[in-house]
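Could you walk me through this protein model, one piece at a time?

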Amino acid sequence: MNRPSSGRRLTLVAAAASLLLLAGCGERQTTEPVASMADKPAMGGAAPLRVVSSFSILGDVARQIGGEQVEVLDIVGPGQDAHVYQVTPADIRRLGEAQLVLMNGLGYEGAALERAVRDSQVPVAIASAGIKTLAGGHAHDDEHDHDHDKAGGQHDAAAPDPHIWQNPVLMQAYAANIAKALIQADPAHQQGYEQRLADYQQILRDLDSWAAAEFASIPPEKRKVVTGHDAFAYLGQRYQLQFLAPQGVSTDSQPSARAVAGLIRQIREQQVKAVFMENIKDPRLVEQISQEAGVTVQNQPLYSDALSPPEGPATSYVGLIRYNVTHLVQAMH
C-alpha cells in the first residue's frame, strides 16, 4: 500500500476534524411517544407502576426486573445518542405522568434532561449510585500519545465515565439499585421484584463468564480496538482490552487535529486492525481515520450507548453485550 504524502495526511486530518464538527451539529435527536402513559391500559385490572427511564439500556434492565408490574417508557430511545439529545415537550409530559424516574447519573443525561426531571418533582433513582467508577480519559495506556490521550483537551480526565453498563459485573449492582427503587415506589410487589432481580443477576454472572471465555482466545498483544468515542473502558478494564478513540466519554467533545493525528500514528505503529463505527454516531470521522491509517473499518457497528431498534441485533442489554463481544473477538483474531 502506498503511504500518503505528508501534505495529504495533513489534509485528511484537518478534514476529519471538520467532519466531527459537522456531525456534532447533525446528531441532535428527539423522539415523540406513540402514546402517553395515561393512554395505556392497565394489566390484569391493576395499573402498573409508571416508570420513565432516561435511555434505552436502562429501560431494558428496568423491564427485566419489573416484569408486568411496571410500564417503562424511555426518553432517549433505541439508536439515539443521550449525549446530544434535546428534551421535547412530549418528554416533559411523560415525566409529569410518571411515578418514578430512573437515570444513569454521572452527568450522562446532560443538564437539560436533569433540569426537566428536577422540575417534574417525580421521585428519581440513580442507577449508578454507589458503583465505583472510572475517570474520563482512562482508556488509554502509558504508550498512548499524550496529546490524543486528552482527546484534544476537550474532556476532563477527572470526570467520571458514565458507561457502567459495558461491564456485566458492575451491572449486577446497577440492577440492584433499580430493584430497590421499584420496591420503594411499589412495596406491594416487593417479592416479585426481588425474585426477578436474583434471576437477572444470575444471567449477568453467566454473561460475564461467557465473555471472559470468548476474550481468552485473543492474544494480549492483539486486544486493541478503535471506536468513535471513549465508551468501552469498563469493558476494557474487565477483560483486559485497550480501547482507543478520537473523542472522549461524550460524543459532544471535540478532538483536535493533533489528537487525531496521534491516533492515526498509534494505529499504524501498533498495527491495530479492529476499527469500529458505533450505532449512535456519524461514521465519517472513523472512516477518515481508518483511511489515513491504512486499515479497514469493520462492517458491523458496535452498540455503545443505545440498544438497536426491534429489527436489529441488540434489542436487550444482554443481547448488546453478546453482539459486541462476538464482533470484537472476530475482529481481533
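Gln121 is exposed, because its relative accessible area is 73% and exposed means over 50%, while buried means under 20% and partly exposed is anything in between (1.4 Å probe, protein chains only). You'll find Gln121 in the loop between H4 and E4. Those labels are for helices (DSSP runs of H or I, at least four residues) and strands (runs of E, at least two), numbered from the N terminus. Gln121 also has a phi near 60°, a positive value in a residue other than glycine.

A word on where this comes from: this is a predicted model, in which local features need pLDDT of at least 70 and side-chain atom pairs count only at pLDDT 80 or more, while totals for chains, interfaces and linings use all residues. Residues are numbered from 1 along each chain as its sequence is written, and side-chain values use heavy atoms, with hydrogens and water left out.

Gln271 has a positive phi of about 55° although it is not a glycine. Its place is the loop between helix H9 (257–270) and strand E7 (274–275), and with 68% relative accessibility Gln271 counts as exposed.

Helix H4 covers residues 111–120, and Leu113, Ala116 and Val117 are buried in it. Where do the buried residues of H4 fall when you look down its axis? They fall within an arc of 100°, so they line one face of the helix; the arc is that of the directions from the helix axis to the C-beta atoms. There's a handy bit of background here: an α-helix has 3.6 residues a turn, so residues three or four places apart point the same way. On the face of H4 turned away from the buried side sit the exposed residues Ala111, Arg118 and Asp119. The buried residues, for their part, pack against strands E1 (49–55), E2 (70–76), E3 (100–103) and E4 (124–126), along with helix H3 (89–97).

Val124 is partly exposed, at 39% relative accessible area. Leaving aside neighbours within four places in sequence, Val124 is in contact (heavy atoms within 4.5 Å) with Val101, Met103 and Val117.

What about the inside of the protein? The chain has eleven helices and seven strands, and buried residues make up 54% of its 333 residues. A nonpolar core is a set of buried Ala, Val, Leu, Ile, Met, Phe, Trp, Tyr and Cys residues joined through side-chain atoms within 4.5 Å. The largest one has 74 residues, and Leu102, Tyr174, Ile178, Leu182, Tyr317 and Leu328 touch the most other members. Helix H11 (residues 317–332) gives the largest share of this core, ten residues. A second, separate core has 14 residues, including Val226, Ile267, Met277 and Val297.

Helix H2 is mostly covered, with nine of its eleven residues buried. Those buried residues pack against E1, E2, E3, H6, H7 and H11. Just after H2, Gly67 takes a positive phi of about 55°.

Let's finish with how helices pair up. Two packed helices are described by the angle between their axes and the distance between the axes. Here, axes are lines fitted to C-alpha atoms, for helices over the stretch in contact, and angles run from 0 to 180 degrees between N-to-C directions. Helices H2 (residues 56–66) and H7 (residues 190–215) pack at about 120°, with axes 7 Å apart. That makes H2 oblique to H7, since angles under 35 degrees count as roughly parallel, over 145 as roughly antiparallel, 65 to 115 as roughly perpendicular and the rest as oblique. On the H2 side the contact is made by Asp60, Val61, Gln64, Ile65 and Gly66, and on the H7 side by Tyr193, Arg196, Leu197 and Tyr200.

How do H6 and H7 compare? The axes of helix H6 (residues 170–185) and H7 come within 10 Å and cross at roughly 170°. H6 and H7 are therefore roughly antiparallel to each other. Among the residues making this contact are Ala175, Ala179 and Leu182 of H6 and Leu197, Tyr200 and Leu204 of H7.
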